[in-house]
Amino acid sequence: MPVLQTPPPATAATPAAQRWRPRPATRKLLTVVHVVSSVALVGEVWGLVLLNLTATLTADGTLANSAYRLMGVLVFGGGIPLSLTALASGIALALGSRWGLARHYWVFAKLLLLIGVILAGMLLFTPEGMADATAGGAAPPAGRGWWQVAVVSGQLAMLLTATALSVFKPRRRITWRRPGAAAARS
Ligand code: HEM
């Protein structure tokens, strides 16, 4: 796996006074924290996909209920701290290097993907509701189990895309145009 590919050179658009650059040891430490938290998040979401599939496919209501209860542990013990650590360390790495936060498509896309993962977890993923609905071994409401499988599978797809972007780091830069710049030129 390529590690610490050299960022592109600075441009005239980034004055030296605006740049924050961590020391090499600090940057390496940030990178370790970032890689461990973000890749562990991929593993945590993979675990959620497996648990949701188990809960949806099993005929054993007690097993389904236990699986939904375990998901809460994974989310609060893993998903929330790992996603926030990956987000904070990713933003620090981006701002503290010449990659920038909104200068390269791969960094900006990863930011949007991780925000998408967090929002999907907050708004669409409801393991506590599913645990309540299956309490005492009751069958889950039709379709809801598969909806939960779809939500966590979508999160997994976003995280795998982010991992691939991190390794390939496509060089294309974002061109931001100031509003009215085209009119001023003509
Ligand atoms: C969505 C989950 C994410 C995953 C799975 C992920 C994964 C990774 C991995 C594996 C690397 C190491 C690549 C290498 O050194 O070759 C990396 C580096 C990096 N990530 Fe992420 N990342 C994620 C989110 C983010 C976010 C949200 C940002 C910024 C907003 C970000 C910014 C960066 C930057 C700037 C580097 C390059 C560090 C350097 O080489 O100086 N990442 N990421």
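## Fold and basis

Along the sequence the protein follows the pattern α-α-α-α-α-α. There are 6 helices and 0 strands, where helices (H or I, at least four residues) and strands (E, at least two) are DSSP runs numbered from the N terminus.

The model is predicted: local features need pLDDT of at least 70, side-chain atom pairs count only at pLDDT 80 or more, and totals for chains, interfaces and linings use all residues. Residue numbers start from 1 along each chain as its sequence is written.

## Burial and contacts

Of the 186 residues of the protein, 24% count as buried. A residue is buried if 20 or more other C-beta atoms lie within 10 Å of its own, exposed if 12 or fewer, and partly exposed in between, with C-beta atoms placed from the backbone.

Two residues are in contact if their C-beta atoms, placed from the backbone, lie within 7 Å. Among contacts in the protein with a separation of 6 or more, 81% are accounted for by residues 24 or more positions apart.

## Nonpolar core

The largest nonpolar core has 21 residues, of which A67, Y68 and L159 touch the most other members. Such a core is a set of buried Ala, Val, Leu, Ile, Met, Phe, Trp, Tyr and Cys residues joined through C-beta atoms within 7 Å. At least two residues of this core come from each of α1, α2, α3, α4 (127-133) and α5. The most are given by α2, with 7 residues.

Apart from its neighbours within four places in sequence, L159 is in contact with L41, V42, V45 and V117.

Helix α2 has 35 residues and reaches 49 Å from its first C-alpha to its last, close to the 51 Å expected at 1.5 Å a residue; the expected span is 1.5 Å times one less than the number of residues. At V75, α2 bends by about 40°, the angle between axes fitted to the seven residues ending there and the seven starting there.

M122 is found in helix α3. It counts as exposed because it has 9 C-beta neighbours inside 10 Å. The C-alpha atoms of M122 and I80 are separated by 9.7 Å, with the two residues 42 apart along the chain.

## Ligand shell

Around the ligand are 29 residues, of which S38, G90, L111, A162 and S166 come nearest; a residue is near if its C-beta atom, placed from the backbone, lies within 6 Å. α1 (24-57), α2 (61-95), α3 (105-123) and α5 (144-168) each supply at least two residues of this shell.

By class, the shell has 20 nonpolar, 8 polar and 1 charged residues. Ala, Val, Leu, Ile, Met, Phe, Trp, Tyr, Cys and Pro count as nonpolar, Asp, Glu, Lys and Arg as charged, and the others, Gly among them, as polar.
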